[in-house]
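Biologist: I would like to go through a structure feature by feature. Please give the general idea each time, then the case at hand.

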Amino acid sequence: MKRLELPHQLADYLCPVNGLCDVYEWKTGKRIPEELILYSKVGFQMISQKNSAVPKMIFLGQGSIGKWEYEFWKGIMGYEVIAGEGKCFQTTWKNVRELLDWDIPVILFGLDMFYLPYQRKFYHKQHILGHVVLMTGYDEENVYVHDNSKTEVQIIPIAELELAWAEDYIGISKKNAYFGINMKFPKTDIARIIQKGIGKNAELYLFSPLSFIGQRGLDRFIEEFPKWANMFTDEELQKVYSHFIEYTGSVLPELPYEVSGQQFGIFNPHRASRDKFSHALMKYADTFGTEVWEEAAGYFQKSGNIIEEIVDGFIEDVVECSFGQLEKYIPLFQELRGYEEEAFRKILYTQN
């Protein structure tokens, strides 16, 4: 049996980084706002997979949640990551217990809420994959966790955890994925941490060494997008468009009612989190920011509005199964490019 006593705060829809912020506060007594950590990865990525059901996957962020997220911040915040995934449950269970025994809290990644008893809305009712919690303890029968949507420590029976953890998560993680966060030498200047992280992301966007990420990726996309009408079938383009629509949800990946026929009751504008990042920059400009955060926020607000306009058009095309006029979106993507470049240059060239 082992229990660690960590601080915890609610952070709705910010589960990938809530545990990370809990561990940082545990070691420093200071809290980094989750929204500045999670939403700061706005950007662009185009993944090409010829033999995939979705041959072109567009993400309006850089990197992804999961291992990339924790690796991105480790040198900036001052921790080590001990990661594992894809192994059998018994081996994984032994590994995460050992980390707890060494006083290292563990992020449990990619859980299905169908098997989490405290998630009463979904427990044994609806499969919601990809949830993330922070493991703070265990005994012979249960795991003790912090959940971003709950104030108190929650309990998961070990048998239910095994089921919740049994599937890969959409290419982001394999089954039984975990990330031990060993906050060995935490940096304590939160303003410097956030500015350095946001600046690093801006540099990646503007000067990516990879042709499918950042501004290089967006330029490549703008050049080739009109040609897709002759490269892919309507069925393939419908999947490409639907993937784009789903992953522009500002709160979480979600297809709107017009496409899915389902309503989940969550206000989730399709602005690819630009609205969320803009709000966070404005909210924390005086506390952790520089003089240009408010200007950058204005540009991201505009780019978010353009993304929503593109998504509205994509939704109409998917519903009507009409994919013959891809070039009509090029001016919008070019306008998006302009606003994003202005925002990232403002951020990058005013770093300390």
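Predicted model: local features only at pLDDT ≥ 70, side-chain atom pairs only at ≥ 80, totals over all residues.

Biologist: Let us begin with the core. Which residues touch the most other members of the largest nonpolar core?

Modeller: In soluble globular proteins, nonpolar side chains tend to be buried together. Here the largest nonpolar core has 112 residues, and those touching the most other members are Met77, Leu108, Phe221, Phe225, Trp228 and Phe333. Helix H12, residues 293–320, supplies the largest share of this core, with 11 residues.

Biologist: What is Trp228 in contact with, leaving aside its neighbours within four places in sequence?

Modeller: Trp228 is in contact with Met46, Lys56, Ile58, Phe221, Leu237, Val240 and Leu326. Of these, Phe221 is also on the list of core residues that touch the most other members.

Biologist: Now the helices. At what angle do H7 and H13 pack, and how far apart are their axes?

Modeller: Two packed helices are described by the angle between their axes and the distance between the axes. For helix H7 (residues 214–224) and helix H13 (residues 330–348), the angle is about 165° and the axes are 10 Å apart. Angles over 145 degrees count as roughly antiparallel, so H7 is roughly antiparallel to H13. The contact involves Gln215, Leu218, Asp219, Phe221 and Ile222 on the H7 side, and Ile330, Phe333, Gln334, Arg337 and Glu341 on the H13 side. The crossing of H7 past H13 is left-handed.

Biologist: How is H6 oriented relative to H13?

Modeller: The axes of helix H6 (residues 190–206) and H13 cross at roughly 135° and come within 9 Å. H6 and H13 are therefore oblique to each other. Their crossing is left-handed. From H6, the residues that meet H13 are Ile198, Gly199, Asn201, Ala202, Glu203, Tyr205 and Leu206. They meet Arg337, Glu340, Glu341, Phe344, Arg345, Ile347 and Leu348 in H13. Arg337 and Glu341 of H13 also take part in the contact with H7.

Biologist: And what is the geometry of H11 and H12?

Modeller: Helix H11 (residues 274–288) and H12 have axes that come within 8 Å and cross at roughly 170°. H11 and H12 are therefore roughly antiparallel to each other. The contact is made by residues including Phe277, Leu281, Tyr284 and Phe288 of H11, and Trp293, Ala297, Phe300 and Ile307 of H12.

Biologist: Next, the backbone. What is phi at Asn176?

Modeller: Most residues other than glycine have a negative phi, and most peptide bonds are trans. Asn176 has a phi near 55°, a positive value in a residue other than glycine. Asn176 sits in the loop between helix H5 (158–164) and strand E9 (177–182). Its relative accessible area is 3%, so Asn176 is buried.

Ser273 is another case: its phi is positive, about 65°, although it is not a glycine. Ser273 is in the loop between helix H10 (257–260) and H11. With a relative accessible area of 13%, Ser273 is buried.

Biologist: Let us turn to single residues. Is Asp22 buried or exposed?

Modeller: Buried means under 20% relative accessible area. Asp22, in helix H1 (residues 15–28), is at 0% relative accessibility and therefore counts as buried. Its side chain makes a polar contact with the side chain of His8, at 2.7 Å. Not counting residues up to four places away in sequence, Asp22 touches Leu6, Pro7, His8, Gln9, Arg31, Leu134 and His146.

Biologist: Where does Trp26 lie?

Modeller: Trp26 lies in helix H1. At 25% relative accessibility, Trp26 counts as partly exposed. Trp26 and His8 are 18 residues apart in sequence, with their C-alpha atoms 8.8 Å apart. Beyond four places in sequence, Trp26 touches Leu4, Glu5, Leu6, Pro7, Asp103 and Pro105.

Biologist: One last residue. Where is Lys150 found?

Modeller: Lys150 is in the loop between E7 and strand E8 (154–157). Lys150 is partly exposed, at 25% relative accessibility. Leaving aside neighbours within four places in sequence, Lys150 is in contact with His8, Leu10, Tyr118 and Gln119.

Note on methods. Residues numbered from 1 in each chain as written. Heavy atoms only, no water. Core = buried A, V, L, I, M, F, W, Y, C linked by side-chain atoms within 4.5 Å. Buried < 20%, exposed > 50% of the residue type's maximum accessible area, 1.4 Å probe, protein only. Helix = DSSP H or I, 4+ residues; strand = E, 2+ residues; numbered from the N terminus. Contact = heavy atoms within 4.5 Å. Polar contact = N/O pair within 3.5 Å; in protein donor to acceptor, adjacent residues only side chain to side chain. Axes fitted to C-alpha atoms, helices over the stretch in contact; angles between N-to-C directions. Parallel < 35°, antiparallel > 145°, perpendicular 65-115°, else oblique. Left-handed = near helix turned anticlockwise from the far one by under 90°.
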